[in-house]
Amino acid sequence: MPNHVLESSPNAALNKSIIGKFMDLPIPEGKCQAMYIWIDGTGENVRAKTRTVDFIPTSVKELPVWNYDGSSTYQAEGGNSDTYLHPVAMYNDPFRRGNNKLVLCETYKYNKKPTESNHRHSCAKTMEAAKKWKPWFGIEQEYTLLDFDLRPLGWPKNGFPGPQGPYYCGVGANKVYARDIVEAHYRACLYAGINISGTNAEVMPAQWEYQVGPCEGIDIGDQLWMSRFLLHRVAEEFGVVATLDPKPMPGDWNGAGAHTNFSTELMREENGIIEIEKAIDKLSRNHLRHIQAYDPKGGKDNERRLTGKHETSSIHDFSAGVANRGASIRIPRGVAEEKQGYLEDRRPSSNCDPYSVCEALVRTCILDE
Amino acid sequence: MFSGILRKSGQKLLGQLQQKTRTTFATSSKLRAGYALEWSTNAKFNKLVLDKYMCLPTPDCKCQVKYIWIDGTGENLRGKTRTLDFVPSCYEEVPKWSYDGSSCFQAHGEDTDIFLIPVAMYKDPFRRGNNKLVLCETYDKDLQPTSTNHRAACADAVRKICKHEPQFGLEQEYQLMDADHRPLGWPAMRGEPEVTGLCYCGVGSNNVVGRDIVEAHYRACLYAGLDIAGSNAEVTYGQWEFQIGVSDGIKGPDDLWMGRFILNRMAEEFGVWISYHPKLFPNWNGAGCHTNFSTKEMRDDGGLKVIEECICKLSKRHKEHMKRYDPKCGEYNKLRLTGLHETSSMDVFTHAVGNRSSSVRIHRETVAKKKGYFEDRRPSSNCDPYAVCDAIVRTCYLDEC
């Protein structure tokens, strides 16, 4: 029986050869389309809307504050719904190209306080306080592609694919699905100005990963959120859904994480392994606090994923080890041998807020808070 | 012997029944899936074929001018093209024309010619080159505006207050529709999508549908010369909005009608059509055409006082405005303005700061700076912006409506 992929997906049904004709229409001189992008009240989803700007911005500071209807994004009541967008980072727009921009924004309530899901506000202050330690981050973003009926893409509609084993970094139409989306996303990120460092197929079929970094300080959060926007937007072009759910398929299937690699200047220098071990010691004494910061539901999402199986540690216990993918913290073998480098915190879920994750790491390991 | 024959014929019947069931199952699962564009004729066309012809050069001095007008329904646009032997540089150079009004609900009997008077000109994003789109007013044989030509009165009102430098911003909401008259991307069999609250300004296939049409429309409008200010996905799945403004005087409503034409024409390319119906489904957000208005005095320091005076005048003419804010004297808006889904009530005029459930909303920034503009949230998505802008100007500045 044929596998009816994208059968019910309306975006996949649209003829993609039409839009090309219109996207090469020239725009009046001096105008550009700026797409303002923000995190909504769920803390997991991104929203976006566009405005025409009568100049070509050269820096994000030139772009005006805007507002939107917070009552439609779980961020305000209808009777008092204006929520503000403050531009904080600007990237090239790979969909509209030319002078057009993607603008990442922080969200503020009518009383000028950050919204509840605006974790960037406090993360930025923390990063400022820790800047002399030059904290670097690299995040490995895992995600799963779903068909329009929300079943993993390419999986049989009334069954399951063969067990995990052949899919990780696989090649071949029987091992990996929708590489086009991955390739398009990679190129779009590079064009936009994101420091995307790599990509690979993951252990579960229809699961992929890309990595962003190394980035210093607040930049990691900005770049990771923008790369997520690009992922959802590219998948939308194909009529496919990208999910950052940390355990999309229960049972003997891998979940998805956002392993966060972290280092300070001291860790990167000779004998930095001592600093790494000090940091791990501090982390071991703050396990619960970190778990609460490592997914948007205070740990509830990670409960489904951090089982101790499928290359995860248990949510209940803190552990660390060299080359150990079943530990909370893994020290890569190369780092152990060279006695300098970084540590990998494997606990954050794929739908974590990187601002919350990185703020927690800096507060615990650097600022001793 | 007979039992053998019965067995064989029974098996044949069973085989036939199984065959029929398979076919039925395949057909009904197709219906359940709700395949997008399955019934759309335009979507079946190979779009590459036209490209070969559209790159044929045309004689330098010739240009195709498409005349566009509002028909007798007051909601729908019509268009026809003529070749001109020169390239017009402004709308004044484009000649008057005429058409069959009896095929547009605008004339009957033996006297059917209606005149087309060009009033605004734009570049044509579909034909490109020197070709033009020309917006027209419609006049009858006595050179009187037809009953759905509200532009004539609007232009007159705007002219009378031109020293106040009136400006408009218009927010057009609309729904993408499939050929089977279901919203694009909605399930078949009268199903509805799941209510997730993730569609407004959403990203991702499960949150928004048809972005290609929106992007192509935006680019086409910029090219054509409209004051297109922005776009976003709306609260209902498959619902979108574009904004025109901030435009000086009559250019606002002109650009809105031309924006609607370009949108309808763009959707046609994709095999999709646009509904401007203000309330397609009772449990989902409706669609409006929120109209933002200001004058020089409102934009200057202390302008908030002028805004409040205007709102007071509007409050005294609520019923008159409601008759002009949709093409059926309020019957459309009765379906939409329920007090729920970010609307005000049909019967009671309200105004507030930052409140999306009021008739008129003042933005927080306007209050903070004590100057700016106000937003009238009452007009329906299928309103005539000329009628709306005319009503606002006359009530606020000319003490008539």
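Does C105(A) count as buried or exposed? At 7% relative accessibility, C105(A) counts as buried, where buried denotes under 20% relative accessible area, exposed over 50% and partly exposed the range in between, computed with a 1.4 Å probe and protein chains only. The model is predicted, and local features therefore require pLDDT of at least 70 and side-chain atom pairs pLDDT 80 or more, whereas totals for chains, interfaces and linings use all residues. Residues are numbered from 1 along each chain as its sequence is written, chains are lettered from A and ligands numbered from 1 in the order in which they are written, and side-chain values use heavy atoms, with hydrogens and water left out.

The structure holds 0 disulfides over all chains, a disulfide being a pair of cysteine sulfur atoms within 2.5 Å. In general, such a link is a covalent bond between the sulfur atoms of two cysteines. For C105(A), the closest cysteine sulfur belongs to C201(B) and lies 11 Å away, which is too far for a bond. C199(B) is likewise in no disulfide, the nearest cysteine sulfur being that of C201(B), at 11 Å. C199(B) is buried, with a relative accessible area of 7%.

In chain A, the UniProt annotation "domain: GS beta-grasp", from an unreviewed entry, covers residues 32-112. UniProt positions are given in the numbering used here, with feature names shortened, and annotations may be inferred rather than shown by experiment. The end C-alpha atoms of this span lie 28 Å apart, and its content is 0% helix and 48% strand. Helices (H or I, at least four residues) and strands (E, at least two) are DSSP runs numbered from the N terminus.

Strand β6 of chain A (residues 136-146) is mostly covered, with 10 of its 11 residues buried. Pairing between strands is assigned if DSSP finds at least two bridges between them. β6(A) pairs in the antiparallel sense with strand β8 of chain A (residues 207-216) over 8 bridges, and W136(A) stands opposite E216(A) in β8(A). An antiparallel pairing over 3 bridges joins β6(A) to strand β9 of chain A (residues 241-243), where L146(A) stands opposite V241(A). With strand β10 of chain A (residues 258-263), β6(A) forms 6 bridges, again antiparallel. In β10(A), F262(A) is the bridge partner of F137(A), and S263(A) is that of W136(A).

β10(A) is largely enclosed by the rest of the structure, because 6 of its 6 residues are buried. In a regular strand the side chains alternate between the two faces of the sheet. Both faces of β10(A) are covered, with A258(A), T260(A) and F262(A) buried on one side and H259(A), N261(A) and S263(A) buried on the other. β10(A) also pairs with strand β13 of chain A (residues 343-345), in the antiparallel sense and over 3 bridges; here the bridge partner of T260(A) is D345(A).

Chain B has 11 helices and 13 strands. Its C-alpha trace spans about 105 × 55 × 45 Å along the principal axes. Of the 401 residues in chain B, 54% are buried. The accessible surface of chain B comes to about 18000 Å², with 55% belonging to carbon and sulfur atoms; areas come from the Shrake-Rupley method with a 1.4 Å probe, and for residues only the protein chains shown count as cover. Among contacts in chain B (heavy atoms within 4.5 Å) between residues at least 6 apart in sequence, 66% join residues at least 24 apart.

An open sheet of 5 strands in chain B has the order β2-β1-β5-β4-β3, with mixed pairing. β2 (77-84) and β3 (97-100) of chain B stand at the edges with a single partner strand each, so one side of each is left without a neighbour in the sheet. The twist averages 40° from one strand to the next, with axes taken as lines fitted to C-alpha atoms (for helices over the stretch in contact) and angles running from 0 to 180 degrees between N-to-C directions. Within this sheet, strand β4 (residues 113-123) and strand β5 (residues 132-139) of chain B run antiparallel and are joined by 8 bridges. A120(B) has L135(B) in β5(B) as its bridge partner.

In helix α3 of chain B (residues 151-160), the buried residues are R151(B), A152(B), C154(B), A155(B), A157(B) and V158(B). Their cover includes β4, β5, β6 (167-177), α5 (251-270) and α11 (385-398) of chain B.
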